[in-house]
Every structure is written in structure tokens, then in C-alpha cells.
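Open your viewer and get ready to click along. We will go from charges to overall shape and then to the inside.

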Amino acid sequence: QVQLVESGGGLVQVGGSLTLSCDTSGRTGSTYAMGWFRQAPGKEREFVAGITCIGSGISYAASVRGRFTIFRKSIQMDSLTPEDTAVYYCATRDTYYPRVPPEPSGYNYWGQGTQVTVSS
């Protein structure tokens, strides 16, 4: 079992920055990828970015590429816009996968989420 807890969310103005962290506990030595997803009201959960725990595989959604930077246990978000407003989740998987899974079904452990609100 792996437990994840997100932190760092909050209210920020357009153009501002936030850094979200994902604290992990449990059997973290057996994790193979860390992903960040977000879900806005009335919308499906969408992939934001991911990083493999072995090697250096990194993937970004087109909507955040160039503005967000993912690290092993955090994601830095710059140049935020109102469209980035959502609940952000970190997720991980404990079975091998050769690249970053871009879909929610590719992860079997999730945090509870942290709210990010970008005001205009």
C-alpha cells in the first residue's frame, strides 16, 4: 500500500505561481510513476503531467507544457490562468510500465486532492 497526500494548493491571481507537493508513505520503494491530474467542476479528470520513478521519462499535457515543471514529488505551476482552476491529484502505480501513463486507469494509488483557484 502507498499513501499520498497533496499540499500547496490555494488561491492565486492570474499569472501567478504555485508549487504542489505530494508526500508519500508506505511501500514507496515499489512505485514506478508519479502522475498529476486535475478535475474541474463538471469535467472529467485530466492528465496534467507525469514522471517515471526509474529513468527520466517525463510527460506533459499540451495545455501546461512550458508553464508547469514536474519533479519527483512536486509540480511547479507558473503563468497560471483561470482555466487551471481545479482540484489537483497526485497518483502513483506500483507495477512496472515503460512510460508515463496518461490516463487515470494507469494509476492505482491516489491522494485526496488539493484545490487550486486562479482568480482573474
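Lys and Arg count as positive, Asp and Glu as negative, while His and the chain ends are not counted. The place of each charge is NZ of Lys, CZ of Arg, CG of Asp or CD of Glu. Select those atoms: the protein carries 10 positive and 9 negative side chains, and the centres of the two sets are 6 Å apart.

A word on the model: it is predicted, with local features needing pLDDT of at least 70, side-chain atom pairs counted only at pLDDT 80 or more, and totals for chains, interfaces and linings using all residues. Residues are numbered from 1 along each chain as its sequence is written, and side-chain values use heavy atoms, leaving out hydrogens and water.

Next, switch to cartoon. You will find 11 strands and zero helices (DSSP runs, E of at least two residues for strands, H or I of at least four for helices, numbered from the N terminus).

Now show the C-alpha trace, which spans about 40 × 25 × 25 Å along its principal axes.

Then colour by burial (buried is under 20% relative accessible area, exposed over 50%, partly exposed in between, with a 1.4 Å probe and protein chains only). Buried residues make up 42% of the 120.

Finally, select Trp-36, Val-48, Phe-68, Ile-75, Met-77 and Tyr-88, which touch the most other members of the largest nonpolar core, a set of 32 residues. Such a core joins buried Ala, Val, Leu, Ile, Met, Phe, Trp, Tyr and Cys through side-chain atoms within 4.5 Å. Among the strands giving it two or more residues are β4 (33–39), β5 (46–52) and β9 (86–93).
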